[in-house]
Amino acid sequence: MPEVKGSRQDLLPWKKKQPVRRTVSQICPPPRRPLTVADIRPGMENERLGVVRDSMFQNPLIVKAELGKPRERSCSLPGIDFNYGLYIRGLDGGVPEAIGHWNVFKQQPIRSHELAPNYIAMNRGAVKAGLVTARENFLYHQLNNIRISDKDDRRFKKEPPSVPPNMTFGIRARPSTPLFDLLQHRYQQLWAQEQKATQKAIKLEKKHKMILGKLYETRSSQLRKYKPPVQLDALWHMPHFQKVGPHLDTFPTEADRQNALKAHRQERAVRQGTLRMGNYTHP
């Protein structure tokens, strides 16, 4: 007997333990409600000194987030029995009425097509009768209410265009990209062949072109290109000012005059004035 008990105890570990099932409240816990004075413990972030009211924990500007916990809701939520959303009471009888009969759509009565008034014919008739005023024209329309017939009304309606039965509407699909031609540089080879053929055709055209001889100039062509020279006369001067010499000469010799002009040209860059004859620019 003790051996049998030992064998049963050895079989117990092989049994699988039943998984612990979580309740709905654990999977979807209820929303966290606002803090109250009773929820505050010493050392919490929202601990207050002095007078403390429950309304103070409903202000989002005052409530602080606890360390390691999400922020509390600052608004109060309704009770457990509250249903969110809009409740619409069934007016169609529910499933029994849907199974019991079939709701058939009632066809609306077809209204007779009212023909449009033919104002052109009525205006023409009023003019022929000698009625020209607005009042007379209105009375004529009331007495002679002419309508456009169905045959005349057809011309105002556009008939659908005749389209072949096998026509497909839309945009044509884009052709596939020739990847093999791109990888093999096929387009480059075709362009090079076209360029060679073009150059060959140009050479043949130049070869067969007639080479004309040298063109000789004729008298007419030479006269056409000839420009007669224009002789520029000297400016006219008054005779009694032609032989008048300078009245003042401050340089003893001509060499001194040239040296002074040379020094003036060298110093023009550092002098002031329009003619560069003023004071020096540097201090």
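Q: What share of the 283 residues in the chain is buried?
A: Buried residues make up 7% of them. Keep in mind that this is a predicted model.

Q: And what is the secondary structure of the chain?
A: It comes to 10 helices and zero strands. Going along the sequence, the pattern reads α-α-α-α-α-α-α-α-α-α.

Q: OK, how much accessible surface does the chain have?
A: About 29,200 Å², and 59% of that belongs to carbon and sulfur atoms.

Q: What about contacts between residues 24 or more positions apart?
A: Take the contacts in the chain with a separation of 6 or more: residues 24 or more positions apart account for 29% of them.

Q: Let's zoom in. Where does Asn-46 lie?
A: Asn-46 sits in the loop between helix H2 (24–27) and helix H3 (94–100).

Q: Is Asn-46 buried or exposed?
A: Buried, because its relative accessibility is 0% and the cut-off for buried is under 20%.

Q: Which residues is Asn-46 in contact with, leaving aside neighbours within four places in sequence?
A: Those are Leu-35, Ile-40, Phe-57, Ile-62, Val-63, Lys-64 and Glu-66. With Lys-64 there's a detail to look for: a polar atom of the Asn-46 side chain lies 2.8 Å from the backbone nitrogen of Lys-64.

Q: What about Met-56, where is its place?
A: Met-56 is also in the loop between H2 and H3. Its C-alpha atom is separated by 9.9 Å from that of Asn-46, and the two residues are 10 apart along the chain.

Q: Why does Met-56 count as buried?
A: Because its relative accessible area is 19%, and buried means under 20%. Not counting residues up to four places away in sequence, Met-56 touches Val-51, Ile-62 and Val-63. Ile-62 and Val-63 are also among the contacts of Asn-46.

Q: New topic. Which residues form the nonpolar patch on the surface?
A: Leu-179, Leu-182, Tyr-187 and Leu-190, with about 380 Å² of accessible area together.

Q: Which helices supply at least two residues of the patch each?
A: Helix H7 (179–183) and helix H8 (186–208). Leu-190, for one, is found in H8. With a relative accessible area of 33%, Leu-190 is partly exposed.

Q: What's in the loop between H7 and H8?
A: His-185 lies there. Phi of His-185 is near 55 degrees, a positive value in a residue other than glycine. At 49% relative accessibility, His-185 counts as partly exposed, because exposed needs over 50%.

Q: Now charges. How many salt bridges are there?
A: The count comes to two. One joins Glu-217 and Lys-225, with the closest N and O atoms 3.2 Å apart. The other pairs Glu-267 with Arg-271, where the closest N and O atoms are 3.2 Å apart.

How values were computed. Residues numbered from 1 in each chain as written. Predicted model: local features only at pLDDT ≥ 70, side-chain atom pairs only at ≥ 80, totals over all residues. Heavy atoms only, no water. Patch = residues over 30% accessible without salt bridge, like charges linked within 9 Å, V, L, I, M, F, W, Y side chains within 5 Å. Areas by Shrake-Rupley, 256 points an atom, 1.4 Å probe, with all protein chains shown as cover. Salt bridge = Lys/Arg side-chain N within 4 Å of Asp/Glu carboxyl O. Helix = DSSP H or I, 4+ residues; strand = E, 2+ residues; numbered from the N terminus. Buried < 20%, exposed > 50% of the residue type's maximum accessible area, 1.4 Å probe, protein only. Polar contact = N/O pair within 3.5 Å; in protein donor to acceptor, adjacent residues only side chain to side chain. Contact = heavy atoms within 4.5 Å.
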